[in-house]
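Please read them with the coordinates open.

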Amino acid sequence: MTRYHWFVLLVAALGWLFDCLDQQLFVLARPAVMESLIPGNSADPAVRSAQKMGGDIATSIFIAGWATGGLFFGMLGDRIGRAKTMMITILLYSLFTGLSALSVGLWDFAFYRFLTGLGVGGEFAVGVALVAEVMPNNARPYTLGLLQALSAVGNVSAAMVNLSLGLAEEQGLPYSPWRIMFLIGAIPALLALVVRRYLKEPEQWTAASTSELKEKQLGSYTALFKHPVWRKHALLGLVLGCAGVVGLWSVGFYTPDLTREIQKKPITAQVLEEFKAVHGSETMDRVLAQPQEGSAPRNPDDQKILESFEKTVKGRLSRWPSYSSIMLNIGAFFGMFGFGALSQKIGRKPTFAIALVAAFSSTVIVFLFLTELWQIFVFVPIMGFCQLSLFAGYAIYFPELFPTWLRSTGTSFCYNVGRFVAATGPIAKIGLDSIYAGSEHATRYTGATMCFVFLIGLVVLPFLPETKGKPLPE
């Protein structure tokens with residue numbers, strides 16, 4: 001690989017890394033955002049239910065934006081070029097992540113997340129098409145696996161930001177930490193300047209965009225579905241993509257929420273004991289007692305103690321989702337890089353089969369049995385290794401299914417139409433939550449039930465081609 005090869009890999013990796021940083025900031029901030037935008041006593045089941053539903057609705061809208069942006073910018077990447085489209089998508093997701101910090105209610109927050117999703121969805125397809133076309137054939141699967149693996153760095157960075165701001169909140173930070181998190185998410189816009197100045201279009205795309213080849217309809221969904229081979233690859237690739245995308249966004253990315261839910265009672269009890277040691281049991285019993293209707297409000301000193309108690313609980317609770325996210329993405333890094341290496345030895349399809357079964361099994365174990373702190377550092381990395389390895393597979397495999405003039409379009413179709421299905425996942429989660437509502441562990445049973453989506457990918461694997469060792473279609 002030449003110096004320019006490494007430069008392209010670095011820029012594409014940073015684009016996807018920051019992309020994942022922005023989406024993970026949303027995942028980690030979601031509970032705090034809903035508590036802020038849907039105010040009320042979270043001890044009230046009706047308020048807690050409204051906040052959870054608000055988070056699910058915002059997630060669905062974000063994923064729908066991701067799917068829409070993926071389809072549009074995937075097509076645009078074939079028409080105007082990979083580098084130009086990458087610059088536009090980076091600016092888009094950075095700008096609207098920053099604007100999310102200004103939200104005052106659920107619906108304007110969801111609107112900003114939809115617009116952020118447009119950029120997030122578009123960046124992946126053009127990024128992997130760019131790397132696939134620039135890299136030497138023998139280096140392609142390894143560099144695409146590394147590109148996807150480095151996304152874990154963005155996710156871990158988001159978790160570290162969340163953890164740091166949670167500790168600051170515990171110490172009395174006067175601002176809403178989630179708003180600061182989203183402002184930090186605007187920083188990647190600076191990368192667009194580098195893309196604009198130094199990144200060139202791949203030679204393969206430049207050749208395909210010459211006048212004599214324009215009749216092939218660059219980036220046309222009509223052309224994609226007219227050709228029987230590309231149509232078959234697109235539809236079967238879509239189902240394969242759905243298995244991982246729906247599994248991750250409707251199950252895997254609720255792991256931080258699960259750990260927060262599991263630890264809320266013990267952490268609240270722990271903080272209460274600490275406050276009783278400082279203020280006395282009688283004072284804390286009085287502070288935490290709900291004022292009766294018609295009675296005098298809490299005195300200013302008690303109100304100040306209550307606010308300090310609630311901030312301490314929130315700040316300490318934020319550690320657990322951060323720990324879960326860090327462990328998930330440490331496992332993901334090795335899983336995604338490992339997929340590239342294994343797929344070069346045994347083939348793409350056998351590696352996908354192993355990863356899908358492993359993702360199902362590991363996720364069921366986490367959702368049914370995670371209870372203790374040590375399990376976060378053992379079970380969650382294994383789940384991240386298995387679940388996220390699939391996404392390295394998508395980065396490697398989807399560009400190998402389509403010719404240059406439809407590569408970004410076809411890759412985006414497989415990867416992003418699945419997000420329209422994934423957007424219904426949180427809605428399905430709401431329905432399953434209501435079914436299991438009588439159980440103390442509704443989140444566990446909902447997650448375990450939805451894990452079966454991973455197995456759908458096994459159905460289409462026999463009908464897809466094996467691309468190991470073959471050049472990209474022209």
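Predicted model: local features only at pLDDT ≥ 70, side-chain atom pairs only at ≥ 80, totals over all residues.

1. The domain assignment divides the protein chain into domain 1 (1-200) and domain 2 (218-289 + 298-467), the latter given as two segments, 218-289 and 298-467. The C-alpha centres of domain 1 and domain 2 are 15 Å apart. Contacts between them involve 61 residues of domain 1 and 61 residues of domain 2.

2. Main core. The largest nonpolar core contains 126 residues. Met86, Leu147, Leu240, Trp249, Leu390 and Tyr415 have the most contacts inside it. H1 is the top contributor to this core, with 16 residues. Domain 1 and domain 2 each give at least three residues to this core.

3. Trp249. Leaving aside residues up to four places away in sequence, Trp249 touches Gln23, Val27, Thr59, Phe62, Ile63, Trp66, Tyr254 and Arg419. Trp249 is also one of the residues with the most contacts inside the largest nonpolar core.

4. Largest cavity. The whole structure has two cavities of 30 Å³ or more.

5. Where does the largest cavity lie? Both domain 1 and domain 2 give residues to the lining of the largest cavity, so it lies between them. H1, helix H6 (151-170), helix H11 (228-250), helix H18 (379-397) and helix H19 (407-423) supply at least two lining residues each. H1 has the largest share, three residues.

6. Second largest cavity. This one holds about 30 Å³. Thr259, Ile262, Gln263, Trp320, Leu370, Thr371, Glu372 and Ile376 line the second largest cavity. Helix H12 (residues 255-279) gives the most to this lining, with three residues. The lining residues are four nonpolar, three polar and one charged.

7. Second largest pocket. The volume of the second largest pocket is about 210 Å³. The residues lining it are Tyr4, His5, Glu133, Val134, Lys200, Glu201, Pro202, Glu203 and Gln204. At least two lining residues come from each of helix H1 (3-37), helix H4 (106-134) and helix H9 (203-208). The classes here are three nonpolar, two polar and four charged.

Terms used. Residues numbered from 1 in each chain as written. Heavy atoms only, no water. 1 Å grid on protein atoms, 1.4 Å probe; cavity = no way out; pocket = protein on both sides within 12 Å on 5 of 7 lines; lining within 4 Å. Points joined across faces, edges and corners; volume = space filled by probe spheres on them. Helix = DSSP H or I, 4+ residues; strand = E, 2+ residues; numbered from the N terminus. Nonpolar A, V, L, I, M, F, W, Y, C, P; charged D, E, K, R; others polar. Core = buried A, V, L, I, M, F, W, Y, C linked by side-chain atoms within 4.5 Å. Buried < 20%, exposed > 50% of the residue type's maximum accessible area, 1.4 Å probe, protein only. Domains from an automatic or database assignment. Contact = heavy atoms within 4.5 Å.
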